[in-house]
Amino acid sequence: MTQRTTLITGATQGMGRALALDLAPRGGTVLLHGRDRDRLEAVAAEARVTAPDTTIRTYLADLSDLNQVHAMADRIRAAEPHLDGLINNAVAGGGAEPLKRELSRQGHELRFAVNHLAPYALTRGLLPLLTASAPARVINVASIGQEAIDFGDVMLERGYEGLRAYCRSKVAMIMATFELAAELQGSGVTVNALHPAHLMDTNGVRTYGLTPVTSTDEGVRPTMRLLLDPELVTTTGRYFDQFRDVRAHEQVYDAEARERLMKLTHSLIG
């Protein structure tokens with residue numbers, strides 16, 4: 001662990017913060033992403049107190065703006081000598097006003113943009129660093145909440161509801177996980193997705209009006225397993241419900257749907 005470098009997105013609160021504080025004492029270099037400078041520096045300071053011998057660096061970007069996503073990937077490639085792990089944890093949940101359709105900087109439906117387009121664009125931007133650092137691992141924090149994408153209305157311009165948008169974005173994330181894993185087969189870079197825990201005690205859960213039933217620690221353990229377990233060094237293109245390798249939504253296994261999604265995704269991320 002003393003030489004390992006890991007990037008965690010959405011590290012300023014919820015499970016991202018818990019992951020940062022769990023990973024920091026293990027040593028190496030921990031890269032923390034957030035979109036609020038004050039919260040980001042506060043978590044970094046907390047991690048440094050917890051693990052004074054660990055190198056902590058921060059990267060500021062709003063993942064609802066693809067220009068900022070691309071720029072952050074450029075900064076990381078320029079500044080970091082290697083990258084052994086990427087945890088795409090940042091998320092836009094159902095929202096405080098679920099019937100209010102929100103858009104990203106580029107005009108895409110917000111949940112689709114933050115939960116799918118941003119992590120995919122960031123991962124692609126960091127692939128040169130990840131492959132040069134192989135073996136390396138990408139973990140996409142998805143959800144058991146999944147709903148089929150309507151390719152006639154991907155951006156949910158009709159019948160919008162925040163949780164539906166969230167569930168569709170997570171199906172997109174898992175589809176992209178499988179596609180990227182297949183593309184990178186043999187490169188030494190693995191890509192997996194997981195549902196970390198059910199209704200964790202996070203701002204996103206509470207903001208939508210749901211009652212948390214588990215702590216963020218419940219989500220940290222299966223996520224860290226995917227990042228660090230030596231027995232999973234070659235495991236790729238899988239979806240886990242916590243510690244169990246399970247099937248995702250049936251649409252994820254539809255080759256035509258995956259092809260349509262990836263064609264759209266590449267056209268949107270530039």
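Contact is taken here to mean heavy atoms within 4.5 Å, and helices (H or I, at least four residues) and strands (E, at least two) are DSSP runs numbered from the N terminus. The structure is a predicted model, in which local features need pLDDT of at least 70 and side-chain atom pairs count only at pLDDT 80 or more, whereas totals for chains, interfaces and linings use all residues. Residues are numbered from 1 along each chain as its sequence is written, and side-chain values use heavy atoms, with hydrogens and water left out.

Helix α7 comprises 13 residues (216-228) and reaches 18 Å from its first C-alpha to its last, close to the 18 Å expected at 1.5 Å a residue, where the expected span is 1.5 Å times one less than the number of residues. Its buried residues (under 20% relative accessible area, with exposed meaning over 50% and partly exposed in between, for a 1.4 Å probe and protein chains only) are Thr216, Gly219, Val220, Pro222, Thr223, Met224, Leu226 and Leu227. These buried residues of α7 pack against β1 (5-8), α1 (14-23), β4, β5, β6 (189-195) and β7 (239-241).

Helix α8 (residues 255-269) has 15 residues, which at 1.5 Å a residue should span 21 Å, and the 21 Å between its end C-alpha atoms agrees with this. Within α8, Ala257, Arg258, Leu261, Met262, Thr265 and Ile269 are buried. Viewed down the axis of α8, the buried residues fall within an arc of 125°, and they therefore line one face of the helix; the arc is that of the directions from the helix axis to the C-beta atoms. The cover over these buried residues includes α3 (66-79), α4 (110-132) and α5 (162-183), while the face of α8 turned away from its buried side carries the exposed residues Glu256, Glu259, Lys263 and Ser267. At the start of α8, a side-chain oxygen of Asp254 comes to within 3.0 Å of the backbone nitrogen of Glu256, and the helix is followed by Gly270, whose phi is positive, near 80°.

Several loop residues were also examined. Ser104, in the loop between β4 (85-88) and α4, is buried, with a relative accessible area of 8%, and touches Ser64, Leu110 and Ala113 when residues up to four places away in sequence are not counted. In the loop between α4 and β5, which holds Pro135, the peptide bond from Ala134 to Pro135 is cis, with omega near 5°. Leu156, although not a glycine, has a positive phi of about 50°; this residue lies in the loop between β5 and α5 and is buried, with a relative accessible area of 2%. Gln242, likewise not a glycine, has a positive phi of about 55°, but this residue, in the loop between β7 and β8 (244-246), is partly exposed, with a relative accessible area of 24%.

Grid points are joined across faces, edges and corners, and a volume is the space filled by probe spheres set on the points. By this rule there are three cavities of 30 Å³ or more, and the largest cavity holds about 80 Å³ of space. The lining of the largest cavity includes Asn88, His116, Tyr120, Asn140, Met173 and Val191, and α4, β5 (136-141) and α5 each supply at least two of its lining residues.

Key. Polar contact = N/O pair within 3.5 Å; in protein donor to acceptor, adjacent residues only side chain to side chain. 1 Å grid on protein atoms, 1.4 Å probe; cavity = no way out; pocket = protein on both sides within 12 Å on 5 of 7 lines; lining within 4 Å.
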